[in-house]
Amino acid sequence: MFKLAHLSDVHLGPMPAASPVQLAGKRFIGLMSWKFRRRAIHNMDVLNRLVTDIKQANVDHVAFTGDLANISLPEEFSRGQRWLSEFGQPDKVSFVPGNHDAYVKLSWEAGLAKWGDYMVGDLNMPGVRMKGNNAGLFPYVRQRRNIALIGVNSGVPAPWNKAWGHVGQRQLKALTEVLNKLHEKGFYRIVMIHHPPLPGLAKDRKALRDAQDLKLVLEKCGAELVLHGHNHEHMHTELETRTGLAHVVGVPSASALKTEKKPAAAWYQFAIERRSGAWTNTMTIRSYEGQGAKMVNQSQLCLDHRD
Ligand SMILES: [Fe+2]
Ligand SMILES: [Fe+2]
């Protein structure tokens, strides 16, 4: 049995100090949003409770689907690096960037490179990111036993009132090859992406702009599990693919207090096993409960994988 934890949308606080030059343009609007709204939602005590709960679960691996930062300040990447190193070793945690980690145009070296070790592939396939490759190249593929984790980058800078994402033709082409090859070899394929990967799963201004293209790739090549964040909600969608049913699962923010619109922080555990020639996957939702500030089992679900 392989135990995987999924968390997303940490939105690490507090916001570091920044110069007026750094705060020019879109970052200023993001800072106001943090000050007047988000700061009260993303609570670091909640996050610490959730992290402790993941550590106690003793999982084999962690998938983290983006939005560790808020407005992509250089200092946020340094703090994020420290947070990640306390959270887990790079070979135990696989990260993909979110829109808040690509909030403004920034070179790889000035930002995401600080978290680069958590995005390095170890399964060499055509067009994928390995150490020494072109720094910003995605997807990357990691092999853990008969499980393959495929990290797709949907984080792109967007205009001030948009939170959209984009995968792009180059990644889609590589993803097509990767999914086909991994299926031939009998892997359980887990795709990680920040934005909900199918059309209609997010509001237009927050959606993946090429969700239709990604949906076609997933339908044509198949995947067993697709993990995403971004909406800060509990989400589960099933997609019929050429190789069977794909489960598309979205997790709430890892640091959120419950609000009128959004649920409290949660992380998901997947217990994945190959049994009698078929995959089984039991998903457990671990949710923050305000009462006593503890994490509780919210529900358990068997994800069917008929093929
Ligand atoms: Fe987010
Ligand atoms: Fe997001």
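**Entry 1: strands 1 and 10**

I looked up the pairing of strand 1 (residues 2-7) with strand 10 (residues 266-275), which is antiparallel over 5 bridges. Two strands count as paired if DSSP finds at least two bridges between them. Helices (H or I, at least four residues) and strands (E, at least two) are DSSP runs, numbered from the N terminus. Within this pair, I found Ala5 opposite Gln269 of strand 10.

I note that the model is predicted: local features need pLDDT of at least 70, side-chain atom pairs count only at pLDDT 80 or more, and totals for chains, interfaces and linings use all residues. Residues are numbered from 1 along each chain as its sequence is written, while chains are lettered from A and ligands numbered from 1 in the order in which they are written.

**Entry 2: helix 4**

I turned to helix 4 (residues 169-184). Its 16 residues reach 23 Å from the first C-alpha to the last, close to the expected 22 Å; the expected span is 1.5 Å times one less than the number of residues.

Which residues of helix 4 are buried? I listed Gln171, Ala174, Leu175, Val178, Leu179, Leu182 and His183. They cover an arc of only 155° around the axis, which puts them on the same side of helix 4; the arc is that of the directions from the helix axis to the C-beta atoms. A residue is buried if 20 or more other C-beta atoms lie within 10 Å of its own, exposed if 12 or fewer, and partly exposed in between, with C-beta atoms placed from the backbone.

The buried residues pack against strand 4, strand 5 (147-151), strand 6 (188-192) and helix 5 (211-221). Contact requires C-beta atoms, placed from the backbone, to lie within 7 Å. On the face turned away from the buried side I found the exposed residues Gln169, Arg170 and Glu184. Just after helix 4, Gly186 takes a positive phi of about 85°.

**Entry 3: backbone exceptions**

Most residues other than glycine have a negative phi, and most peptide bonds are trans. I therefore looked for exceptions to this rule.

The peptide bond from Gly13 to Pro14 is cis, with omega near -5°, and Pro14 is in the loop between strand 1 and helix 1 (26-41). The bond from Phe138 to Pro139 is also cis, with omega near 5°; Pro139 is in the loop between strand 3 and strand 4 (140-144).

Asn58 has a positive phi near 55° and is in the loop between helix 2 (44-57) and strand 2 (61-64). Is Asn58 buried or exposed? I found it exposed, because 8 other C-beta atoms lie within 10 Å. His232 has a positive phi of about 60° and is in the loop between strand 7 (225-228) and strand 8 (235-241). His232 counts as buried because it has 24 C-beta neighbours inside 10 Å.

**Entry 4: the whole chain**

I recorded 5 helices and 12 strands in the protein chain. Of its 307 residues, 45% count as buried.

Key:
Contact = placed C-beta atoms within 7 Å.
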